[in-house]
Amino acid sequence: MYKSIFHWSGGKDSALCLYLAQQQNKYDIQHLVTTLSSATRRITMHGVRQELLAQQAQQIGLPLTEVWLPEIADIHTYNQQMEAAADHFVSQGITHAIFGDINLQDLREYREQQLARTGLQAVFPLWGRSTRTLVQEFIAIGFKAVVVCVNARLLDASFVGRELDAHFLEALPPGVDPAGENGEFHTFVYDGPLFTRPVDFIVGEKVKKTYAPAADANTEKPAFDTDFWFSELLP
């Protein structure tokens, strides 16, 4: 089997991908790897506290490597941090890095190009599959997840803090990917076949956050959506 690391976000795609990769008996997954903000001590973008991430790893039974990013991390800083982490794993005999990406071609190419510099081979077990089929499989297998972040342009505050289940999927507006593959929503997985026991948490308040926009040079409009609703999860 190939000695591997798994890039773990804490969400549904990661959980399903890890589960399926382990079923293949092809990859010897030795570490979960997650990026966090050193300022907030939370998973980047998802906004989940480090304490809950640590509980996930403990219940899954895999060592967790945390890559800490500064509060304002540009792409150069991110690349440096991730390359340093990859170099460390290569020195330990790791040959493959597994990701839960599904169909964002530019993201896949970026990951492959960055890893090529270190000698790691990128693996995408979910690649090209139907996002609706994947999220339905996630639920059917017995995973449990709560929605922790939504794009405020596409989904209102009522969607955060909810269970990711059939009712949630039915309520999604047209045009929103059922797996949130375009960043429409993010989740925290707290139970399922990977876990020895559920992660304990309490759903807290809802908070709307606005991020400083990056302007598109051609339109002078923000290059990405800047408003997001988050649901606080308390250990």
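This is a predicted model: local features need pLDDT of at least 70, side-chain atom pairs count only at pLDDT 80 or more; totals for chains, interfaces and linings use all residues.
**Exercise 1: the chain as a whole**

Work out how the radius of gyration of the chain stands against that of a compact globule.

*Solution.* Start with the length: for 235 residues, a compact globule would have a radius of gyration near 18 Å. Next, take the value for the chain, which is 17 Å, and the two agree. For the extents, the C-alpha trace spans about 45 × 45 × 35 Å along its principal axes. Then turn to the secondary structure, where you will find 6 helices and 10 strands. Finally, look at the contacts with a separation of 6 or more: 70% of them join residues 24 or more positions apart.

**Exercise 2: surface and charge**

Find what share of the accessible surface belongs to carbon and sulfur atoms, and how far apart the mean positions of the charges are.

*Solution.* The accessible surface of the chain is about 11,500 Å², and carbon and sulfur atoms hold 48% of that. As for burial, 44% of the 235 residues are buried. For the charges, take the 19 positive and 28 negative ones; their mean positions lie 3 Å apart.

**Exercise 3: the largest nonpolar core**

Identify which residues touch the most other members of the largest nonpolar core, and which elements build it.

*Solution.* A reminder first: in soluble globular proteins, nonpolar side chains tend to be buried together. The largest core here has 52 residues, and Leu18 and Phe188 touch the most other members. Elements giving two or more residues to this core include helix H1 (12-24), strand E2 (27-37), helix H5 (131-141) and strand E8 (185-191). There is also a second, separate core of 15 residues, with Ile5, Leu69, Ala85 and Leu115 among them. Now zoom in on Leu18: beyond its neighbours within four places in sequence, its contacts include Phe6, Trp8, Ile29, Ile60 and Leu194.

**Exercise 4: two residues compared**

Decide for Trp8 and for His186: buried or exposed?

*Solution.* Begin with Trp8, which sits in the loop between strand E1 (2-7) and H1. Its relative accessibility is 2%, so Trp8 counts as buried. Leaving out residues up to four places away in sequence, Trp8 touches Leu18, Leu32, Leu53, Gln56 and Ile60, among others. Trp8 and Ile60 are 52 residues apart in sequence, with their C-alpha atoms 12 Å apart in space.

Now take His186, a residue of strand E8. Its relative accessibility is 15%; the cut-off for buried is under 20%, so His186 counts as buried too. Apart from neighbours within four places in sequence, His186 is in contact with Met45, His46, Val146, Val147, Val148 and Cys149.

Key:
Residues are numbered from 1 along each chain as its sequence is written. Side-chain values use heavy atoms; hydrogens and water are left out. A nonpolar core is a set of buried Ala, Val, Leu, Ile, Met, Phe, Trp, Tyr and Cys residues joined through side-chain atoms within 4.5 Å. Buried means under 20% relative accessible area, exposed over 50%, partly exposed in between (1.4 Å probe, protein chains only). Helices (H or I, at least four residues) and strands (E, at least two) are DSSP runs, numbered from the N terminus. Contact means heavy atoms within 4.5 Å. The radius of gyration is taken over C-alpha atoms; the globule rule is 2.2 Å times the number of residues to the power 0.38. Accessible areas come from the Shrake-Rupley method with a 1.4 Å probe; for residues, only the protein chains shown count as cover. Lys and Arg count as positive and Asp and Glu as negative; His and the chain ends are not counted. The place of a charge is taken as NZ of Lys, CZ of Arg, CG of Asp or CD of Glu.
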